[in-house]
Amino acid sequence: MFRNLLQLVRYRGLIQSLVARELKARYRGSALGFFWSFINPLLLLSIYTFVFTVVLPNSNPVAQPYALFMFCGILPWNWFSSSLMEASGSLVAGGNLIKKVLFPAEILPLVTVLANMVHFFLGLLILIAFLVGYRHWPDLGGLVWFPVIVFVQLVFTAGLALLLSALTVHYRDIRDLLSNLLMFWFFATPIIYPWLDANVIAYKAFFDLNPFTHLAVSYQEVLFFYGPFGHAKGLLVMGAASAVLFLGAYWFFDRLRDSFAEVV
Amino acid sequence: MSAIELSHVTKIYRRYGGRQFATLKSALLQRSILRDLRPADVFAALQDVSFRVEAGRTFGVIGRNGSGKSTALKLVAGITKPTSGAVSVHGRISALIELGAGFHPEISGRENVFINAVMLGLSKREVAERFDQIVAFAEIEPFIDAPVKTYSSGMYMRLGFAVAIHVDPDVLLVDEVLAVGDEGFTHKCLDKFAEFRRRGKTILLVTHSLGLVERFCDEALWLDHGRVRAEGDPKRVVDAYLTSVEEAEGEMLAATTARAVRAASDVTGPAQEPAPSGDGPAESAEPPSNMYTAVEGRWGSREIEITEVTLVDGAGSPSFVFPAGMPMAVRLRVRAHAPVDDFVFGVALFNAEGVCCYGTNTYLEEMDPARLVGDAEVTFAIDSLDLVEGTYKLDVAVHKRDGYPYDYHRLLYTFRTSSRTRDTGIYRPKHHWTFQGGVTFQPQRRTTA
């Protein structure tokens, strides 16, 4: 198993090319091409701004401007949920490769996670532009935690992606199940409402069990709220759990590996 | 040093659960998650297969469909793992198993070449160095920047082939991919293989093209139902394989013939039985109105009956496959239910397209009938079956001089002429070539049958 993991390093060139291909292929044939990666989050953010300042003004004092607050959680969530949706189908879609070309199958789900991470970074640029526009400065000292949060999310998402992709080979309805589950998960995570609100506190134990709570809250702390990073402990526990999850998922993936070429 | 070595390799494919795809819902409902992830049924694609290919040799694998050839290739390529036994390969492998597997339709040929080559094990710099060669080899320079989805299937395959062959492997695995282009491109591929051989690379070739194996390979392996049937000199292995194929074909033709005869006889046996649908030729006691479009069948008054038809070879043993140029005979057993003094025996040969290759009868050959009583045997012997390879059908009949049929068997008997020469047409006259002056040929690559 660890030899296989090391082998991935040898294939980094391929992973790189496949991520690039994924990004290129997504908007190939559309007039604006790669700019959609910017336009999508831009439009989304504009709509939220309009809705939460004009139509449905949210006056929660801790989270203003509200649209920006939400966006700090939605961007990483989109990375997470699109990664899982795409990864779950990645082995089935890449069946031709698995059957005909010698290369480690785990590359396929990992590539979807990485490609969506690139989209996340592009969306981040829009967010930063808006933060600057609103002259809303987070604590610059807290920003050193930002790469740590991204890394924890990467490991966590990659672990789930491996698990789901391997299972979907055998159970094709996981994708339908997943889209519903993700919807539920989204609303169960403090993304569109602030963490430690009175209503949320009442269910704190439940929220603490939700791994994405710690990621969303960390992003909000680092990108949005002023003041030192206060969620380090939760994040580190979450990081350790993610590492365990990833190794467990990889082990599971490795066990099922030989069945892929035959079942896909 | 051996480049490829398989020792006692068995590959068992598992069939999961006996249904196409499991659903998680049903798995949860029936608490069968663990069971579903375990194989329900097994199928041995390879059983105790051992062979080794020395470095620099070209090794051909032949065998019928489903004999495990492609599985063997995938094991060597490392795409699947053996269930038991060991596979070892030395050197960089490139597998021409499915060309252009992994091309993404939306992006350009150029980008696909890069990704595909990296996938096959080249570094980006190596791809950049070989890029022009690859494109030139595939002959698609004008389209290299167009998305691959706009390519014709030929262009797609050629590009896939070009990439795989330019990976410059030490061991090249080829699975029946030479049919990727027009004649010119095929020759180019063969030239490329020849170049590989000259440079001391190892080639493992899986193919149905036996000529290619004989011409090209240093050694051959014949797989049959997942086991090694023969290994060694390509000519010898191919011959053994062909013999077995002919035997199997003979069995198949025997079954076909038996079925045709039975079907025709069932309908006409009780000759007066009303026809189930119209009065097609098969049910009629009268000959069909148009002899040239008649389908297989049997008709006649049965005053004389053909009770048995046997095809025999030169040694007199029944067969359904006859080597071209060798003797063959049609043996009829007939029975006259009452003494008859007007009878003609006839035989005609048709090829698969229904063209009459030859037809004759005793009356045409000026034998005037005198008397036929009780049981008799009639043999129509061909000294030399001068037909090209193919499947032929046979008419046999006994009728009056004016054509009134006693028993007419139309196209009921099928046999095959086998030949190693791929000549065309119907008739192969006995012939030979002679040359005078400055004509020379390469030393004979193989003897023709």
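Leaving aside neighbours within four places in sequence, which residues is Ser319(B) in contact with?

## Surroundings of Ser319(B)

In this predicted model, the contacts of Ser319(B), apart from neighbours within four places in sequence, are Gly250(B), Leu311(B), Val312(B) and Asp313(B). Ser319(B) lies in the loop of chain B that runs between β11 (304-313) and β12 (321-323).

Gly250(B) is 69 residues away from Ser319(B) along the chain, yet their C-alpha atoms are separated by 6.7 Å. Ser319(B) counts as buried because it has 20 C-beta neighbours inside 10 Å, and a residue is called buried at 20 or more.

## Strand β8 and its partners

In chain B, strand β8 (residues 219-224) pairs with strand β3 (residues 58-62) in the parallel sense, over four bridges. In this pairing, Ala220(B) of β8(B) has Gly60(B) opposite.

β8(B) also pairs with strand β9 (residues 227-232) of chain B, here in the antiparallel sense and over five bridges. Glu231(B) in β9(B) stands opposite Leu221(B). The two strands β8(B) and β9(B) form a hairpin with two residues between them. In the turn, His225(B) has a positive phi of about 50°.

## Where chain B meets chain A

Contacts between the chains involve 32 residues of chain B and 26 residues of chain A. On the side of chain B that touches chain A, at least two residues each come from β1 (2-15), α1 (24-29) and α4 (109-119). The most come from α4(B), which gives five residues.

By residue type, this side of chain B has 18 nonpolar, six polar and eight charged residues.

Terms used:
Residues numbered from 1 in each chain as written. Chains lettered and ligands numbered in written order. Predicted model: local features only at pLDDT ≥ 70, side-chain atom pairs only at ≥ 80, totals over all residues. Buried ≥ 20, exposed ≤ 12 C-beta atoms within 10 Å, placed from the backbone. Contact = placed C-beta atoms within 7 Å. Pairing = 2+ DSSP bridges. Nonpolar A, V, L, I, M, F, W, Y, C, P; charged D, E, K, R; others polar.
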